[in-house]
Amino acid sequence: MEYITLNNGIKMPLEGFGVFQVPDAAQCEQAVLDAIASGYRLIDTAAAYANEEAVGAALKKCGVAREELFITTKLWVQDASYEGAKKAFQKSLDKLGLETLDLYLIHQPMGDYIGAYRAMEELYKAGRVRAIGVCNFYPERLTDLCETVEVMPAVNQVELHPFFQQEKALAVMKEYGVRPEAWGPFAEGKHGIFTHPVLTAIGQKYGKSAAQVALRWNVQRGVVGIPKSVHRERMEQNFDIWDFVLSKEDMAEIAGLDIGHSEIVDHSDPQFIKMLHSMKTPD
Ligand SMILES: NC(=O)c1ccc[n+]([C@@H]2O[C@H](COP(=O)([O-])OP(=O)(O)OC[C@H]3O[C@@H](n4cnc5c(N)ncnc54)[C@H](OP(=O)(O)O)[C@@H]3O)[C@@H](O)[C@H]2O)c1
């Protein structure tokens, strides 16, 4: 596994493990334990996933030193304000059972996220969190934020996979030194990704699966990947991407799979925005 250096000098694993849609506490705890035993050191959760306590329980039991782990959680829309962010941050830390966090992200570009970001800058300067950043900040939102902040976001976590490659968004992130992190690196299973003929054929050359090719393609672009699975053998497979290199031709062939839009979410749809505002995190 490789590490990258963020714009504030801290190291972040180039691959991590995501726990979206694992609300069952026992299953989530076991998944995180299995992921850490498989070699993952970055765990990506969120207040909105309703599983920070289960992640925290696994972190206590995992037997890996805290300083070797890189823990990310996220601020939900309802708490997107200066005061809200301060309270929500402490609540997340308490649930995770941690003193400090590695990465705190604004989950959506909604609500008073500028106020929230100011609070996060203070938490960062106070040493409570080692890096701060955002999710789902499309080029115009990210530019607006980066032009107003004191502490540049270290990471922007956005949907990135072979069918939605977001080259324009990556160029804006590069301009500001913001590291891209891929959510939905498997497009949440859409586009027949796990049996896709192009990814499968490329994988056959290296003895790898379509899933491994999709992940390797992102890390070779410098994008951090955080695949999710509740199956140990898939976690291991998804982590086994460090012993092969896709050729220039492979990368170019995968570039041809881009359809240029998401088939998972639409941040320009008012109904989607309303739905996110109506979602609340658990107490
Ligand atoms: N910031 C945001 O707005 C945002 C949004 C979405 C996600 N995320 C983060 O990104 C992480 C990853 O995204 P995601 O969970 O949405 O989707 P994903 O990782 O693209 O796909 C997960 C799906 O792929 C399956 N899978 C995993 N490995 C596989 C393999 N080797 N072969 C076949 N199937 C496999 C999983 O099934 P099983 O679990 O049954 O194995 C699950 O159904 C999340 O967990 C979360 O941490 C962030």
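Okay, let's start with the lining of the largest pocket: 20 nonpolar residues, 13 polar and four charged. For the classes, Ala, Val, Leu, Ile, Met, Phe, Trp, Tyr, Cys and Pro are nonpolar, Asp, Glu, Lys and Arg are charged, and the others, Gly among them, go down as polar.

Before I go on, this is a predicted model, where local features need pLDDT of at least 70 and side-chain atom pairs count only at pLDDT 80 or more, while totals for chains, interfaces and linings use all residues. Residues are numbered from 1 along each chain as its sequence is written, and side-chain values use heavy atoms, with hydrogens and water left out.

Back to that pocket. Its volume is about 820 Å³. Of the 37 residues lining the largest pocket, Phe20, Gln21, Trp183, Gly184 and Glu188 are the closest to its centre. H9 and helix H11 (270–278) are the elements that give two or more residues to that lining. Helices here are DSSP runs of H or I with at least four residues, strands are E runs of at least two, and both are numbered from the N terminus.

How did the search work? It uses a 1 Å grid over the protein atoms alone: a pocket is an open set of points with protein on both sides within 12 Å along at least five of seven lines, a cavity is a set where a 1.4 Å probe fits but cannot get out, and lining residues have an atom within 4 Å of a point. Grid points are joined across faces, edges and corners, and a volume is the space filled by probe spheres set on the points.

So what sits where? The ligand takes up the space of the largest pocket; "sits in" means that more than half of its atoms lie within 2 Å of the grid points. The shell around the ligand is 27 residues, with Asp44, Glu188, Lys228, Ser229 and Arg234 the closest, counting a residue if one of its heavy atoms lies within 4 Å. That shell splits into 13 nonpolar, nine polar and five charged. Helix H9 (residues 232–239) brings the largest share, three residues.

Now the polar contacts, meaning pairs of N or O atoms within 3.5 Å; within protein, one must be able to donate a hydrogen and the other to accept it, and residues adjacent in sequence count only if both atoms are side-chain atoms. Histidine 231 has a side-chain N or O atom 2.9 Å from a ligand oxygen. For proline 185, a polar backbone atom lies 3.3 Å from an oxygen atom of the ligand. Tyrosine 49 puts a polar side-chain atom 3.3 Å from a ligand nitrogen. Taken alone, the ligand exposes 910 Å², and the protein buries 88% of that (Shrake-Rupley, 1.4 Å probe; for residues, only the protein chains shown count as cover).

Next, the second largest pocket, with about 240 Å³ of space. It has 15 lining residues, and Tyr138, Pro139, Phe164, Gln166 and Gly260 lie nearest its centre. H6 gives the largest share of that lining, three residues.

Last one: how many cavities of 30 Å³ or more turn up in the whole structure? One. The largest cavity holds about 70 Å³ of space, and helix H3 (residues 82–96) supplies the largest share of its lining, four residues.
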